[in-house]
Amino acid sequence: MTEITCTYIGDGQTELKHGPSGVVIHTDLPPDNGGKGRLFSPTDLLASAFASCVLTIMGKMASARGENLQGARLTITKEMAQNPRRVGAFDVKITFPAHFTQEQKNFYKTAVNACPVHQSLRSDIGLTVHIK
């Protein structure tokens with residue numbers, strides 16, 4: 001188990017502290033929800049968790065295969081839905097190192113569904129994945 005402590009610091013912002021490491025990050029309300037958008041929003045962190053989870057799983061897969069994934073990049077865009085307000089869809093673009101074959105790209109694309117963050121999301125959240 002990992003403990004994270006969240007403290008409301010005012011003006012729409014929170015401070016999150018990662019128990020094991022002591023690392024601190026801050027969030028802010030996004031402009032489309034009445035905030036100022038000065039920092040990552042909570043749903044930005046959800047998208048970020050999804051993105052980093054996918055690349056982490058890919059890195060683990062690459063290590064097991066003795067392949068070099070360094071330089072792979074994932075860009076994620078989230079789309080909000082209403083009633084209730086929530087994340088409605090993600091658009092994911094994965095750019096692999098230039099030396100990767102299409103077969104390798106297809107293999108690593110399976111990490112999107114294997115990612116524990118993705119497995120924790122509602123099944124009705126839209127997902128589009130593009131690979132380069």
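This report describes the fold of one protein chain and then looks at two of its residues.

The structure is a predicted model, in which local features need pLDDT of at least 70 and side-chain atom pairs count only at pLDDT 80 or more, while totals for chains, interfaces and linings use all residues. Residues are numbered from 1 along each chain as its sequence is written, and side-chain values use heavy atoms, with hydrogens and water left out.

## Overall architecture

The protein chain has four helices and six strands, where helices (H or I, at least four residues) and strands (E, at least two) are DSSP runs numbered from the N terminus. Read from the N terminus on, the elements follow the order β-β-β-α-β-β-α-α-α-β. The C-alpha trace spans about 50 × 35 × 25 Å along its principal axes. Of the 132 residues of the protein chain, 32% count as buried; buried means under 20% relative accessible area, exposed over 50%, and partly exposed in between, with a 1.4 Å probe and protein chains only. Among the contacts with a separation of 6 or more, 48% come from residues 24 or more positions apart, a contact being heavy atoms within 4.5 Å.

## Two sheets

Strands of a sheet pair through backbone hydrogen bonds, either parallel or antiparallel. Here, two strands are taken to pair if DSSP finds at least two bridges between them.

| Strand pair | Bridges |
|---|---|
| β2 (residues 13-18) and β3 | Five bridges |
| β4 and β5 (residues 86-95) | Nine bridges |

T43 is found in helix α1 and counts as partly exposed, because its relative accessibility is 21%. Not counting residues up to four places away in sequence, T43 touches K78, M80 and V87. The side chains of T43 and S41 are joined by a polar contact of 3.2 Å; a polar contact is a pair of N or O atoms within 3.5 Å, where, within protein, one must be able to donate a hydrogen and the other to accept it, and residues adjacent in sequence count only if both atoms are side-chain atoms.

K105 is found in helix α2 (residues 102-109). K105 is buried yet has no salt bridge, and the nearest side chain of opposite charge, E67, is 12 Å away. A salt bridge is a side-chain nitrogen of Lys or Arg within 4 Å of a carboxyl oxygen of Asp or Glu; Lys and Arg count as positive and Asp and Glu as negative, whereas His and the chain ends are not counted. With residues up to four places away in sequence left out, K105 touches F96, F100, I131 and K132.
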